Structure formats: C-alpha cells, structure tokens
Amino acid sequence: MILLKNIILSITATLLLLLSSCHPQTPNENKQAEKEKPAPLIDLKNFFKNGNKTSFQISPDGKYFSYRADYNGKMNVFVQKANDTVGVRVTNDTLRSIGMYFWKGDRIVYLQDIGGDENFQLFSVKVDGSNLKALTPFAGINTTIIDVLNEIPGKEKELLVGINKRVRECTDPYLLNIETGALSLLYDNKKNFEEWVTDNNGTIRLASKAEGINTTWYYRNLDKEAFSPLVTVPFNEQFTIGSFDKDNKNMYVLTNMGRDKILLAEYDPLTKKEVKELYSNSDYDLSSIFYDRKKKTLASVSWIGENPEKHFFDKEWEEIEQCINNKFEGYLNFVTGYDDARTKAIVGIYNDHMWPKFYLYDFKTKAITEAANPYPWINEKEMCRVKQIGRA
C-alpha cells in the first residue's frame, strides 16, 4: 500500500510538470505539422486544485468501490455500488481529513489521529456507515499497519498492527480482530525492534532497528525461534524485502548493496547470500515488486523511467496488463486494486495532457465502465501535448 501510494504521488507530480509544460509545435522529418490552435486560458485555481475524488479502491467481493472526497472541508471515505452513480459517505470527520484507509472483508478500516497529534488510532465501519468501531482507542498511542493479511486463509477478520504502548520509540506487533477489537501480542519486543516483515502466511519472520546511521535486519526461520542478525544496511544503500517465495524460504529483495543500481535478487536468509539476480535495468533503479499471494507467485517488478514501467514474471498478469493497455490506447494506466476473485479491478488512466480518470474493468469480458472523473473542469482536448524539442 505504501509503495502503491508513493507510485501514485510520483505519477501526480509528473503529470503536474507535464501539464504545465506547453511548447510550440515543431515540424517532423517528413512533413510540416499543422499549426496548433492556441490553448484557452485556464483559471489558475482550477488548474492546480485537488480532484473531487481520490484514493480509489475496490471491495474484496467486487460489488463496491470506495474513494475519499470532501465533506465539510475534510476528506472522508465514501462507498459506491459498482453499478450505481452515487456514493454513500461512511465516515464523518470534520476536524481532520482521513488519509489512509483500506478494505478488510466487508468493512472499511482507517487510521485517524486526534487533533493532529499524529498518534493514529484504528477504526472500522460497515459499507453503509453503521457499526463504527474504535479498534485501538488509546489516547497518545500510535498504531501502524504491519500486514493487512489479505488472501491468507483463516485471517479474514484479522490484521497485524504495531502499537507503541510499551515504549514510545518503537511498536510491538499485535494480532487484531476488526470485529471484536481483540488484541493479542505476538512478540515480546525486549530488544525494541522497530519494523516487521511477514511471510506469506502472515508470520513475522524479520525485524529491524537502527544502529547508529545504519539499519540491521534480524531473521528467524520459525515463529518461536529467536531473531538473529541477518544483514546490516549502510545508510547510503538499500536492502528492501519485497516478499518471501511460495515456500516461505527465500526472499525477493530490492538491493543496491555493492552495486550502482537497485536490482531484484533472490536471497537465502539461512546462508545470508544472494541465490541469483532476477532482474535489473542498466538505466534505472527498480522501485517495487508485486507478489501475488493468492497464486503464490512473483508477478512483476516496476521502476520509473520516462514513464512507469514493468517487467513481468507471470504470463497471466502480463496478459491482463496488455488487455488494459489495448483498452486505453494512448494512455498510461495503473491498477489501484482488484477483488479477491480477480473478476474486477479499478484502473486509473492518464497521459501528458490529462489528469487521471478511473474505470471499472471486467477481467472476463474486458468491459470498461467509467467510475469517476475527478477533474471534470479540465478538458484534455484543450491541453497542449508535450513535444520533443531537440535531440541529443
């Protein structure tokens, strides 16, 4: 989720730069291009104001999608039936905008602080806005999400969260039931680990903490074992665990340790060695991976070049991406989420002269239905295209 948020923020920043860059038409090598009509003046406030909807997600059953929108000057969460045109507001905050939220089963779960103190508490609510539950109602205490535990049998009502009740400097891992609010401590964190990584069963396998300006990762092979040092990452290098493999043995890591570029490697935590390099790009750092927990397979790796790009390891996901590309020819796209059965997805599309629009996409029929145009006051036909102005 955090990586997906960073990617979307990067896309938005890129679009802002591109949309504000309008260059005169230049002739191509074969013919003189037609003179472009001057673009109309756009009110500055309309050009730079936020969209009326954002943060689109789809429900696990595919029957609803959700988004954040304004309510009395603050961003709240709305839920809309997939075949409807009007959303229902399910949160009611008028003091602070709601930032992070997600689906868990048939409920919306979200984090919110009190009066801007940045000590976030966790809440859940039904899709009609009823049955609001305060899951971590601890004043002055911060809650973080370690693992949503999606697509893990037996974890349909549970989350793995970090709470800093014991000491303020680090979080202890708890299993949380989103319906009852029951909390179970999963590890006695006497060593004050700061971050946690789970395997594909939702079991905590790695923990980290800062040691001076560097970070050390600790590993355990089994749930009841003690953690032992795995690798110390210098402050100016990267070692990011993307996921475990299907056997929960080796890990897929993004790393530039001892290298110039961040690449994807398979890493054996028992021998503390890289097994093999899986993918690299000579020009760009890799930024994130997509591991499909349901299929238990590494699906793709991504990076940001001139545009967001991917390399696929899974043919089925590659075909899905190609179908979406064919549907939205001339646009870049990104999938913000899909249902558990892989029948529907929320897809955002954009290009150098249009802010993102969002569509429901049917995996089987390939049908698309517009879900939202968050910037209706910007007409892409009135935007100038970005054009090449020189060659190296």
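Reader: Which residues is I178 in contact with, leaving aside its neighbours within four places in sequence?

Author: Contact means heavy atoms within 4.5 Å. By that rule, and with neighbours within four places in sequence set aside, I178 is in contact with K104, R107, V109, S124, K133, L135, K157 and L159. This is a predicted model, in which local features need pLDDT of at least 70, side-chain atom pairs count only at pLDDT 80 or more, and totals for chains, interfaces and linings use all residues. Residues are numbered from 1 along each chain as its sequence is written, and side-chain values use heavy atoms, with hydrogens and water left out.

Reader: Where does I178 lie, and is I178 buried or exposed?

Author: Helices (H or I, at least four residues) and strands (E, at least two) are DSSP runs, numbered from the N terminus. I178 lies in the loop between β11 and β12 (183-185). Buried means under 20% relative accessible area, exposed over 50%, and partly exposed in between, with a 1.4 Å probe and protein chains only. I178, at 1% relative accessibility, counts as buried. The C-alpha atoms of I178 and K133 are separated by 8.2 Å, although the two residues are 45 residues apart along the chain.

Reader: Which strand holds D172, and what does D172 touch?

Author: D172 lies in strand β11 (residues 172-177) and is buried, with a relative accessible area of 3%. Not counting residues up to four places away in sequence, D172 touches V161, G162, I163, R166, L185 and N189. A polar contact is a pair of N or O atoms within 3.5 Å; within protein, one must be able to donate a hydrogen and the other to accept it, and residues adjacent in sequence count only if both atoms are side-chain atoms. The side chains of D172 and N189 are joined by such a contact of 3.1 Å.

Reader: How many salt bridges does the count come to?

Author: Side chains of opposite charge can pair when their charged atoms come close. A salt bridge is a side-chain nitrogen of Lys or Arg within 4 Å of a carboxyl oxygen of Asp or Glu. The count by this rule comes to 18 salt bridges. One of them joins K190 and D188, whose closest N and O atoms are 3.7 Å apart. K190 is exposed at 68% relative accessible area, whereas D188 is partly exposed at 45%. K246 forms another with D247, with the closest N and O atoms 3.5 Å apart. Here K246 is exposed at 53%, and D247 is exposed at 54%.

Reader: What distance, N to O, goes with the salt bridge of R259 and E274?

Author: The side chains of R259 and E274 meet at 2.6 Å, N to O. This pair links distant parts of the chain, with R259 in the loop between β18 (251-255) and β19 (263-268) and E274 in strand β20 (residues 273-279), 15 residues apart. R259 counts as partly exposed at 29% relative accessibility, and E274 counts as partly exposed at 33%. Elsewhere, salt bridges that share partners join E151, D292 and R342 into one network.

Reader: Which residues of the largest nonpolar core touch the most other members?

Author: A nonpolar core is a set of buried Ala, Val, Leu, Ile, Met, Phe, Trp, Tyr and Cys residues joined through side-chain atoms within 4.5 Å. The largest one has 15 residues, of which L206, W217, F239, I241 and M251 touch the most other members. Two or more residues come from each of β15 (214-219), β16 (228-233), β17 (239-244), β18 and β19. Not counting residues up to four places away in sequence, F239 touches W217, V231, V233, V253, L254, T255, M257 and Y267.

Reader: How many bridges join β26 to β27?

Author: Two strands pair if DSSP finds at least two bridges between them. Four bridges join β26 (residues 354-362) to β27 (residues 368-372), and these strands run antiparallel. Y359 stands opposite E370 in β27. The two strands form a hairpin with five residues between them, and K366 in the turn has a positive phi of about 70°.

Reader: How many disulfides does a search of the whole structure find?

Author: A disulfide is a covalent bond between the sulfur atoms of two cysteines. The criterion is a pair of cysteine sulfur atoms within 2.5 Å, and a search of the whole structure finds zero disulfides.
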